[in-house]
Structure formats: structure tokens, C-alpha cells
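Please have a look at the sequence and the model first.

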Amino acid sequence: MSCILNIETSTSVCSIALSQDGQCLLSKEDHSGYSHAEKLGSFVQEAISFADSHLIPLDAVAVSSGPGSYTGLRIGVSMAKGICYARDLKLIAIPTLEVLTVPILLGDEVEDDTLLCPMIDARRMEVYAAIYDRRLTQVREIRADVVDETTYREYLEKGKVCFFGNGASKCKEFLASPNATIIKNIEPLAKNMFPLAEKRIAQNKTEDVAYFEPFYLKDFVTKPAKKLL
């Protein structure tokens, strides 16, 4: 197993977590709004100091790779890449929508055959969303959806779908189906990243530190109406 510094800055919440051997050693969160530039550096320094003082060598940095806030993702990725360069560490990218699914997968709110639809608010009636099964197999790729009564109809007509994330509540009126469940207060947090990060380490799925960019920039930069900030 590995010691991983996890960084999540894709929404208004700024968080980090230090994990080792499947355990969270330290977690820091700030829910006060978009203060990532102010908070992230001190959070990261605290985590690194903890690891160094306990003689725990860092093996990798995992960062939430989007989609999400342009500014938040840039701050998180820049910090992650800087640490990887300075300490010669591996860089792991975790899609933000996968991070959102972790508390659902670990909980008992939904049945095994329920599809999972994490949503990140993209303003107006737009969300970034994907659909996964309970094994975290992607049923539908990440898209920028304009939500109306037809957006998820094909999935709701076939079975149960659980919607969550900060984009789900505003779509409630368009999800009026007996097969739809909305779970509130699910946020992408660094403390939920490390199971996904450790899996990628085991699979040797790491990023090129020099060329890695957040998913938001590569896939949505030509769609300015979809920007969060």
C-alpha cells in the first residue's frame, strides 16, 4: 500500500486528506466558499509536516481532476504538480464525479441495482453528470447536460436512479419519477478519494506530471457558457 496526499478543490469546498494503507491519517476541510488559494497551502503543509514528523514517506499525490470550477481545479492541480515535481512523486487523477459516488457506495441508502448519477452544478439548468452502476462501471460518459424532463428519461424508465451532488437539488422538479431518488449534502471531499487513488496506484494508472491538465479544461474550454467561475 502507499501513502497518498489527496487534494480536492473542484467545488466551493477545499479539502485534503493524508492516507496510508487504506486508512485516513489526517483530513482538513474548509466549507466557507471559494477560499482555495488561501486555505490549500496551509492544509497541504500540515499534511506534509505530519508525514515527515512520523517518518512516513509520501508515494503519490492524488488530485480531483474535474469537471468542476475552473479556478478551483487550477489551484488544486497546480499544487499537486508542484509537490510531485519537488518530491519526485507519482501524480494520480481522480474524476470528481467518481469522488462523489464514494459515500453512496459505502452507505446503505440505495439498492444494489440502482444506477448512480452524480451531478456538479454548472449554473442555470446545466450540470456536469455521468451515470455509473454500483461497481463504478461507467454506464454513460461525463457530459454537460441541460436538464429538462427528458434528460434522464431513458434510464428512469428502465429502473432506479440515484441523483446527488450540488447539481441534483436544483433539478428536482425534472426528476419527478418513482424511480428517482435524490440524496442531499453529498460533496466531493478528499477523505473519500483514497480508495480510488489506491486502486489506480495498484493498476499503475498515473499521469504525466508535465502535461496533465484538469478534465474541465480539456473538454469544456470551448463551451464558455458551461463555466462555473
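**Salt bridges in the predicted model**

What you see is a predicted model, and a search of the whole structure finds 9 salt bridges in it.

Let me begin with K170 and D121, whose side chains meet in a salt bridge at 2.4 Å, N to O. This pair links distant parts of the chain, since K170 sits in the loop between β9 (161–164) and β10 (180–183) while D121 belongs to strand β6 (residues 115–121), 49 residues apart. K170 is partly exposed, with a relative accessible area of 22%, and D121 is likewise partly exposed, at 25%.

Now to D133 and R135, where the salt bridge has an N to O distance of 3.1 Å. Are these two partners buried or exposed? D133 has a relative accessible area of 13%, and because buried means under 20%, D133 counts as buried. R135, on the other hand, has a relative accessibility of 66% and therefore counts as exposed, the cut-off for that being over 50%.

The last pair I want to show is R143 with E141, which form a salt bridge whose closest N and O atoms are 2.9 Å apart. Here R143 is partly exposed, with a relative accessible area of 37%, and E141, at 40% relative accessibility, is also partly exposed.

Terms used
Residues are numbered from 1 along each chain as its sequence is written. This is a predicted model: local features need pLDDT of at least 70, side-chain atom pairs count only at pLDDT 80 or more; totals for chains, interfaces and linings use all residues. Side-chain values use heavy atoms; hydrogens and water are left out. A salt bridge is a side-chain nitrogen of Lys or Arg within 4 Å of a carboxyl oxygen of Asp or Glu. Helices (H or I, at least four residues) and strands (E, at least two) are DSSP runs, numbered from the N terminus. Buried means under 20% relative accessible area, exposed over 50%, partly exposed in between (1.4 Å probe, protein chains only).
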